[in-house]
Structures are given as structure tokens and as C-alpha cells.
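Colleague: Could you walk me through how to read surface exposure and charge pairing in a model like this one?

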Amino acid sequence: MAMSSDEPQPVRRPGRKAGAESPAAEPASDKPSDGGLRGAAPSAFVQHSSSYAFTLVAVLSFVTRYWRIWDPAQVVFDEVHFGKFASYYLRRQYYFDVHPPLAKMLVAVGGWMVGYDGAFLFEKIGLDYMANGVPYIIMRSWVALFGFALPLLVYVIMAESGYSVLASLLAALLVTFDNALVTQGRLILLDNIMIFFMLGAMYAYVRFFKLRYRPFGARWWGWLLGTGAMLGCAVSCKLVGLLTIAMVGCAVLYDLWRIMDIRRGTTMAQVARHFAARAFALIAVPFALYLGFFYIHFAVLTHTGPGDAYHTPAFQMQLIDNPMTKSSFDVHYGDEIAFRHRDTGVFLESNAGRYPLRYEDQRVSSQ
């Protein structure tokens, strides 16, 4: 019977179902060896060990991220920056920062959900949240939700990659109790949000790769596009997310080289189709998301703010209540004009002078 798939199926072997992967490609079983006792059924604990391990990781991750999250009730470390940027989003005031906008917009969502208006600007480390009426517990808890998911993502990545329950649990516990991740996951910072999307991209690609013998189906496209979406979100949080794109790119090159193997009998048309699908999902989709988040960024920040001076006068004059726009007027032929410094309010004075005037110490000036 003719095969409709674009990629050759693995050779059928006695005792294996049609379409099953070769033994080398199959993930290792989570079930321990029965020690030669063929008739012995695994215990209920062994059967559900993966669920128990996942639940344990979830509980420990929740406790480490949310235990006394309200303490300290003051601005800590880089909350002075990223809390301020969240307030600018809620005020809709334009600002400038070196990082892409997605993670900062997500931080602002935490305040927006409880009606926070961005009145507090996180101007100094140590300022009291309670005295200034800042819903900092909600904002920290919102960020901690991304940190809470990190050990769970590590566990499912390991499990889907074929590792045992014990190995998956160990990897997840290492992330659960990592001091740096725990600390950053309890504050209004960006890194745990970015790492969440990085791990999400890794998980989606593992699921995609496991469908390599059933290409171009709905699930195959879903996990491929999911990988691209997660990559786009990762790089839209911080540009260091480009390293995750490079990592997935290396895996894609290996996959395409495997497809091109002459022993598989794949035609160049099929290879081109595989390449086009991956280029669209893993290059075009992340790039489109990156630009889309910047579009939202500029659409939200429509009022003048501290970032005006980083841009041209033409850009600044598009912002609402910008001083350049409010003080601008038409100049007609024959008008007498005076120049005044925008920040100091001092008028520019000009005098008739001749140049140069040389002094004995070789200084040069106008007369």
C-alpha cells in the first residue's frame, strides 16, 4: 500500500506496530526492570510514580516561590527599574530601555489586573510599599507564577526526552532549590519570565521532534508553531533569548541533515518542504511576534515621558502633552523670534562680534 507521508517510514520489524519508531529513537521506559519476573505486575506506586513526582515538584516549587513573598515590603534591587517601567505602562508614559518590551508589559499586567494606576515610580531602593499603597504582593505573585512553572517544565522536558522518573525528578529539584532562580522568582524582575519562555520552547521542540515520522499533521504543525511562538516570546523579553534560537537552530540543522540522508530516499522537493515549514515557524513567526510586541509597546505609550529625549524631535512631537508640541507655533516671514532653552527657560542672546580675537596665551575668541 502506498505511503502518503512526505518522509519515509521506519522499517517494520516482527512484533512492532506499523509506524512505530526504531528502538534507537524510542524514549527509555519509566518503568523499572522486573528483575526477570515476567509475570509480576508493577505496584500501584510504580504505575503512578511519574504523577507523584510531578506533584511533589509542584508543591515544593510553590512553597519556595510564595513563602512569605510579602517580605520585605520595600523596593529590592532591580525592582527599582522594572517596577518603574511597569508604572510607566500603566501611566501610558513613554520611556526608553535596552530590553525588548514583553516581560515588562507582563509585569505591568499584574498591576493592571488589580486596578493599580502606576502612581508609585519605585525611585529608590528601600522605599516602603505599604506606605505608598502599592499592590506589590500581587505584582510579585504574578511574576512568581512564571518561576513556579520552571521546575515543572524541566520535569516534563526530561520525561518527554526519555529519561527515568528519578532522573526527571532530580533535574526538577535542582531547579526548584536553585537559590538564584528562587530569589529572582520572588521579586518584580524579568529573568524568570524569559526563562519560562525558553523552557517552553525546549519542551515544544521535544514534542515536535517526537512526531518526526508523522510530518505535516495537525499535531506536528501545532508543536512546531508552538516552538516558534515561545522563541519569539523569549527574545521579546531579553535579547539573550537569541541563544535559545541558536540552540533550537542547531537541533533543526541536525534534523534536516537526517532527512536528507540518501538512504532514506527523500526527494529534494520533500526536503525543501521540510525546510520551508521550519523556516516559517522558527524564523518568520518569532520575528513577527518580536515586531508585534513592539507595536503594542508604542501603541500603549502614547504620552510624553522620560524617554522622549532618546528620539528625534519628529518622534517626540507625536507624543501627547510633549513640551515641543505644546510650545510649537508657525513662524512667518518677517516675524521676530527669540530662542529659549527648553529645560532652563533661559533665552539665547546673540551679539554682534568679530572673529577671531587672539590673546597672549594663544586663546582665541570673538570680539
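Modeller: Start with Phe-329, which is exposed at a relative accessible area of 64% (buried means under 20%, exposed over 50%, partly exposed in between; 1.4 Å probe, protein chains only). Keep in mind that this is a predicted model, where local features need pLDDT of at least 70, side-chain atom pairs count only at pLDDT 80 or more, and totals for chains, interfaces and linings use all residues. Residues are numbered from 1 along each chain as its sequence is written, and side-chain values use heavy atoms, with hydrogens and water left out.

Colleague: Where is Phe-329 found?

Modeller: Look in the loop between helix H13 (323-326) and strand E1 (357-358); helices (H or I, at least four residues) and strands (E, at least two) are DSSP runs, numbered from the N terminus.

Colleague: And how many salt bridges does the structure hold?

Modeller: In general, side chains of opposite charge can pair when their charged atoms come close. The cut-off is a side-chain nitrogen of Lys or Arg within 4 Å of a carboxyl oxygen of Asp or Glu. Here there are nine salt bridges. One of them joins Lys-210 and Glu-160 at 2.8 Å, N to O. Lys-210 sits in the loop between helix H8 (191-209) and helix H9 (218-237) and Glu-160 in helix H5 (residues 136-160), so the pair ties together parts 50 residues apart in sequence.

Colleague: Are Arg-258 and Asp-255 buried or exposed?

Modeller: Arg-258 is buried at 13%, and Asp-255 is buried at 0%. They form a salt bridge too, with the closest N and O atoms 2.5 Å apart.
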